Amino acid sequence: MSISLDYLGIIGTKQIYRNLTPAQLTEHALRRGEGTLSNTGALVVKTGKYTGRSANDKFIVDVPAVHDEIAWGKVNRPISRERFQAIYQKVTAYLQGREVYVFDGMAGADPKYTKKFRIVNELASQNLFIHQLLRRPTAEDLKDFHEDYVIIAAPGFKCIPEVDGTHSEAAILVDFDAKIVVICGTQYAGEIKKSVFTVMNYVLPKEGVFPMHSSANVGPDGDSAVFFGLSGTGKTTLSADPHRFLIGDDEHGWADDSVFNFEGGCYAKCINLSAEGEPEIYNAIRFGALVENVVMDPDTREFDFDDDSLAVNSRVGYPIEYIPNAVLSGKSASVPKTVIFLTADAYGVLPPISKLDEKQAMYYFVSGFTSKVAGTEIGVTEPVPTFSTCFGEPFMPMDPSVYAAMLAEKVHKSGAHVYLVNTGWNGTGKRMKLSYTRAMVTAALTGEIEKAEFVTDPTFGVQVPTSIEGVPSELLIPANTWADQAAYKAACRKLASSFVENFKKYTKMPADVVAAGPKAE
């Protein structure tokens, strides 16, 4: 299907390919030397020096139309329209004489809130990735396709910081006013996916939809649930419930009458992946999938998922239909009845599960807490608290108070219960068994947990159940797992102080939400 990109200033291209199939894109990528095939048929590429998101290289074009809506700071850095245009013109000139790959697709499975994206790629492999990650159009959809946003990804173009005003050769430039994103200098495909997410996080609140960096699933009776959590907290594992159906693993919207996936695919970590531990992801690495930075035997083409010499953040992108129990429509016709915040507390003081009231839900949502563990990184010798605003700080262009207020409104209207689940450690120094965490999450999802007696945690103020079927009761109250009560109280004060200190930066949060946090004294 022939199209012109002249209106974008992309002229004189060698060839424009639009919405090729995964098979065609794989063939093109192999022909162009972009990657190789694994023994499972997946396309395998190396992304070079950028093996993850380049947070310091993301900029938002600062113009009057959007200036007052953006939470400017270390995450949302401003760039002038003039600098953006200068880089844009260089990128479009760079694409002259080259093959260009276009994917026209959608984000947002609820038709009322679907946004159309035109993705322009220099690389066939990146076009394959976004073809599988976004929602794929029908032939009918393509007949009269008019995009809402354009993303141009040209990893071969390198910025010159002294000339272009960037921080490095890579740049992710978001122009909400012109509805264009430019990504250059980095081949990490996640930048394209997260640029779509950033756009959705800016657009949907204006339409009354709460955008969430979360996974979501639905039970056989149609009851949906959402799971928030940073890396390592168990979001993917716990939302992939054999007794429920997966709506999506990463990006969702909560509307007045639905919860829906933004995407049509998944982007999963591969490090230490095994068929036993995560069979759904393991078995999704087949023809049509794009694998980034996983070591592969050059002769047998077998993966070594434990080898992190190319990247700790090795990844695979694949369509959601590769997951056996996925909801292919991407939406549930019911709003969430259960909201779960996942954290991995290495201090051993947060309850393994607790219930939050509305103000506490806003507080812990905005805090987005987990912790790094001693030994996981060079120089980390004791637990280090980690906070990511709204469980997705790099992708939230507006002030956290906007998203927190939307969470409160949706929870209030739906009557949803909100729980904080700690998949981390307790006073024994041992991490909570997955089987126990699953039992607690199941009790929350079925409502059985509400039959328990609850007590108030003295430091964090949350409501803690004293019994849950399948979980030893002594593990539910953190203090009971500590032999040294003085050490327990000291650890509580230390973590609580970290929460309080972190929350000081949220200057627009209501006083009653600030007061709902833990007590450091």
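My entries cover a sheet, a helix residue and some salt bridges.

**Ground rules.** I am working with a predicted model, in which local features need pLDDT of at least 70, side-chain atom pairs count only at pLDDT 80 or more, and totals for chains, interfaces and linings use all residues. Residues are numbered from 1 along each chain as its sequence is written, and side-chain values use heavy atoms, with hydrogens and water left out.

**Entry 1: the sheet.** I looked up an open sheet of five strands, ordered E2-E3-E17-E20-E16, with mixed pairing. Strands E2 (36–37) and E16 (265–269) are its edges, each pairing on one side only. Strands here are DSSP runs of E with at least two residues, helices are runs of H or I with at least four, and both are numbered from the N terminus. Two strands pair if DSSP finds at least two bridges between them. I then checked E3 (residues 43–45) against E17 (residues 290–292): they run parallel and share three bridges. Val45 has Glu292 in E17 as its bridge partner.

**Entry 2: Thr92.** I found Thr92 in helix H3 (residues 81–94). Is Thr92 buried or exposed? Thr92 is buried, at 6% relative accessibility. My cut-offs are under 20% relative accessible area for buried, over 50% for exposed and partly exposed in between, with a 1.4 Å probe and protein chains only. Beyond neighbours within four places in sequence, Thr92 contacts Leu8, Gly9 and Ile10. Contact means heavy atoms within 4.5 Å.

**Entry 3: salt bridges.** I count a salt bridge when a side-chain nitrogen of Lys or Arg is within 4 Å of a carboxyl oxygen of Asp or Glu. How many salt bridges does this rule give? The count is 30.

I looked at Lys49 with Glu169, whose closest N and O atoms are 4.0 Å apart. They are 120 residues apart: Lys49 is in the loop between E3 and E4 (58–61), and Glu169 in the loop between H6 (161–164) and E9 (171–175). Lys49 is exposed at 62%, while Glu169 is partly exposed at 23%.

Glu169 also forms a salt bridge with Lys158, again listed at 4.0 Å, N to O. Lys158 sits in the loop between E8 (149–154) and H6.

**Entry 4: Asp256 and Lys410.** This salt bridge spans 2.9 Å, N to O. Asp256 lies in the loop between E14 (251–254) and E15 (259–261) and Lys410 in helix H11 (residues 400–414), so the pair ties together parts 154 residues apart in sequence. Asp256 is exposed at 53%, but Lys410 is buried at 2%.
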